[in-house]
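Thanks for coming; I would like to walk through the side-chain packing of one model today. Please keep the sequence and the structure open while I talk.

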Amino acid sequence: MRILLVEDEEDLGLAIKQVLVSEKYIVDWVVDGVEAWHYLENEWTDYTVAIIDWLLPKLSGLELCQRMRSHQNPLPVLMLTALGQPENRITGLDAGADDYLVKPFVMEELLARLRALQRRSPQFQPHTLTIGQFTLDDANNVLCVNVTQPPQTIPLTVKEFQIFAYLMKYPDRIISGSKIRNQLWDLDAEPMSNVVAAQMRLIRRKLANYNCICPIETIRGQGYRFNSNLALA
């Protein structure tokens with residue numbers, strides 16, 4: 001769901017980020033290894049995959065990967081580099097990279113390698129999430145609700161989908177608005193402090209238009225939770 005992109009080539013970094021965002025990933029893009037390390041240490045954000053260029057200023061991608069593994073960080077890493085010789089690949093993999101992509105590459109291959117890394121990651125989300133009568137369909141970007149008669153298929157925006165996916169991943173757990181904001185918005189986007197509450201109001205209004213109860217509860221002063229009991233109703 002969330003990717004840390006570490007690439008100092010501006011044109012390439014922008015192109016990769018645009019492609020990833022179009023595929024519904026949330027992307028934090030940084031341009032040097034030291035800044036990337038600060039992002040990795042941020043306890044408010046959980047990444048699914050890191051895409052790291054080998055040749056970076058301040059702290060190389062190779063050194064960053066080694067530092068991650070020395071701190072027992074298991075985050076899957078896709079290493080990008082123009083160094084395509086077998087000995088370079090071996091060095092990168094030995095440093096802790098999980099996969100290796102040689103520049104130049106096509107974006108379709110990048111996406112395919114990301115999907116492969118996600119399948120091996122404990123944070124990987126399946127194409128559908130089902131709790132009770134609610135099913136989140138990633139392939140079609142919809143929420144399928146069987147609690148209503150007749151059953152409803154509710155289209156979601158990208159951000160609405162991400163909120164449902166995140167809360168359904170941790171059913172019945174209260175998650176603060178700050179945690180949701182830090183997890184589902186780019187760290188450099190500086191969203192409004194009430195952006196999560198605003199999105200929740202839109203979600204409830206949309207479900208009400210379909211005569212459907214919203215299973216996401218607001219816990220005053222604490223945050224939000226996906227109530228599995230409401231999903232069973």
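This is a predicted model: local features need pLDDT of at least 70, side-chain atom pairs count only at pLDDT 80 or more; totals for chains, interfaces and linings use all residues.

**Cores, cysteines and rings**

The largest nonpolar core has 32 residues, and Phe164 and Ile180 are the ones with the most contacts inside it. By a nonpolar core I mean a set of buried Ala, Val, Leu, Ile, Met, Phe, Trp, Tyr and Cys residues joined through side-chain atoms within 4.5 Å, where buried is under 20% relative accessible area, exposed is over 50%, and partly exposed is in between, with a 1.4 Å probe and protein chains only. At least two residues of this core come from each of strands E6 (128-131), E7 (134-137), E8 (142-145) and E11 (223-226), and likewise from each of helices H6 (158-169), H7 (177-184) and H8 (195-209); these are DSSP runs numbered from the N terminus, helices being H or I of at least four residues and strands E of at least two. H6 gives the most, with seven residues.

Residues are numbered from 1 along each chain as its sequence is written, and side-chain values use heavy atoms, with hydrogens and water left out.

Which residues does isoleucine 180 touch, leaving out residues up to four places away in sequence? They are Tyr166, Leu167, Ile175, Trp185, Val196, Met200 and Tyr224, a contact being heavy atoms within 4.5 Å. Apart from this core lies another, of 23 residues, including Trp54 and Cys65.

On the cysteines, the count of disulfides, meaning pairs of cysteine sulfur atoms within 2.5 Å, comes to zero. Cysteine 214 is buried at 13% relative accessibility, and its sulfur is 7.7 Å from the closest cysteine sulfur, that of cysteine 212, which is too far for a bond.

There are three aromatic pairs, counted when rings of Phe, Tyr and Trp (its six-membered ring) have centres within 6.5 Å, with planes under 30 degrees apart called stacked, over 60 edge-to-face and the rest tilted. One of them joins tryptophan 54 and tyrosine 100, edge-to-face at 6.3 Å centre to centre and 85 degrees between the planes. Tryptophan 54 lies in the loop between strand E3 (49-53) and helix H3 (61-70) and tyrosine 100 in strand E5 (residues 99-102), so the pair ties together parts 46 residues apart in sequence. Both tryptophan 54 and tyrosine 100 are buried.
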